[in-house]
Amino acid sequence: MSPLPFALGLYRSVTGLASPVVRAALKDRVRKGKEDPARLNERFGEASLARHDGALVWIHGASVGESRVSLALARALKAEKPGLTVLLTSGTLTSASLIARDGAGEVLHQFVPVDTPEAARRFIAHWQPDLCVFVESELWPNLITEAARSGARLALVNARMNARSLKTWRQWKKSGAWLLDRFDWISPADTRTADGISAITGKAHAIAGNLKLEAALPAPSPDALSAARTIVGSRHVFVAASTHAGEESIVLEALEILREDHSDALLILVPRHPERATELGDLMRRRGVNFARRSLSQAPGADTPVWLADTLGELPLWYTLCGAAFIGGSLKPGIGGHNPIEATMAGCAVVSGPYRDSFADVFDAYEAQGAVATITNAAELAGAVEQVWRGEGPATEAGEAAVRALTGNAMADTTARLLALLDSKGAS
C-alpha cells in the first residue's frame, strides 16, 4: 500500500491523541440521550457480539436512509449466497432501532466505532471482514485505512457527495485520491458524484444507479392504516416528513395560515429524529398549539391540529394517509434534503424547500416532470398544500414519471459486483 499523504498522516496522529477527548464527548452524548450507554464500548471498537465462522460482509451506513439501503443490500447478498454473515454498522440510535426491528435474525448490528486508529484497528481485528461496503458518503480515513491493510476488499456504493463535500475533497486532492484508491469498486449514484470522484482520482467511475430507489419503504399494515383513517376522518390533512430544527416553526406557521380557511386542518409532524419530541412539544406549547403524541398512543381530537408522529418506521402510513407531503431537510441550508421517492410511491404530492443538494439528481427529474412544488417560506408552503387539496398541485402521476426516469437495475448490478469482489477475496 502506498504511503499516506501528509494530511492523512497528520489526521491519524491527531485522532490517535484524541481518544480521551472523544471518550468524554461520547459520555456527554449519553447524557443527552444520543448514545446507548449499554453499547458505548462498541463506539471504541469493542465488539458486543461474536464473529460467526465463514465469510463476513460488513456494510456501513450512517443513519436511517443509509441503513435501509444497507438492509436491502444485505438481503440481496444473502439471497444469492445463503449462509453469508452480514454485519451492519450505523451511527445513530434511530438507525439501530430500525435495524433491530426490520433486520432481526437476518443481520448483525454494531454501532460504528469512532474514527481513531485504535478503535478502527480493534474493530477490524475482531470482525475480520472479507468485504467492506461503505454506503453513500461515509469516508472515515482510519476505518478505510485499517480495512485496506487487513486485506479485505472495499467498495463504496451509492456514492453521493454534495457540492460542498466535493469541494472539500478537491482542496485535499492527494488525500482524497489516496482514500478513494483504497476502494476496489466505486459506484456513484448520480452524475455530479461520478464526475467529482473521477476528477479527484483521475479514473472514470460509471454511474451504477441509485439504490435508494430500490430500497422503498414497506407498505403500512392494513390495520394501522384503517385505524389512522378512522381517526383522521374527512379532515384536511398533510404531512411534514423528516423535519429538522428550524423547520418545524415554519411548518406550524403554515398550518396556522391553512386553518384560517380550513378549521379542521391536521398536520402530521414527523421529525427526522424522534428523540426531538420533547423539544417539539415545548415549541408547540409556547405557540399555544394543541397536539397529540403518537408514541404515547394519543390520537388527535377534532380540536387538535397536530399529530406528532414521534415513532420510527411509520412514514409509509403517513404518506398513504395524506395527499400532500412536505419533505424536510430542505428549508434550511446545510442538510441537503431527503428522498421524495417514498412519498410519490404512496400517492403523495411532493412539496420541498430549495435546499436539496443531497438529492439534486432526483429533484432535477421531479422538476423536469413538474412533480414538485418548491417553496421558501410558510405562506408558500400553505399555498402549495392548499393547491394539492384543491387538486391543482403537482400530480402524483408526474412523480411516478420522474421515478421511472430515475430507476434502473442498481440493486441487481451492485449485488453482482459485490459478490464478485467477495469471491475474489476468497481466491486471493
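**Briefing: cysteines, helix α6 and overall form**

The sulfur of Cys348 lies 5.7 Å from the closest cysteine sulfur, in Cys322, which is too far for a bond. This is a predicted model, in which local features need pLDDT of at least 70 and side-chain atom pairs count only at pLDDT 80 or more, while totals for chains, interfaces and linings use all residues. Residues are numbered from 1 along each chain as its sequence is written, and side-chain values use heavy atoms, with hydrogens and water left out.

**Cysteines**
- A search of the whole structure finds 0 disulfides, a disulfide being a pair of cysteine sulfur atoms within 2.5 Å.
- Cys348 counts as buried because its relative accessibility is 2%; buried means under 20% relative accessible area, exposed over 50% and partly exposed in between, with a 1.4 Å probe and protein chains only.
- Cys132, at 0% relative accessibility, also counts as buried.

**Helix α6**
- Among the buried residues of α6 are Leu143, Ile144 and Glu146.
- The elements that cover them include α1 (6–17), β4 (131–135) and α8 (173–180).
- Just after α6, Gly151 adopts a positive phi of about 95 degrees.

**Overall form**
- The protein contains 18 helices and 13 strands.
- Buried residues account for 54% of its 428 residues.
- The C-alpha atoms fill a box of roughly 65 × 45 × 45 Å along the principal axes.

Note on methods. Helices (H or I, at least four residues) and strands (E, at least two) are DSSP runs, numbered from the N terminus. Contact means heavy atoms within 4.5 Å.
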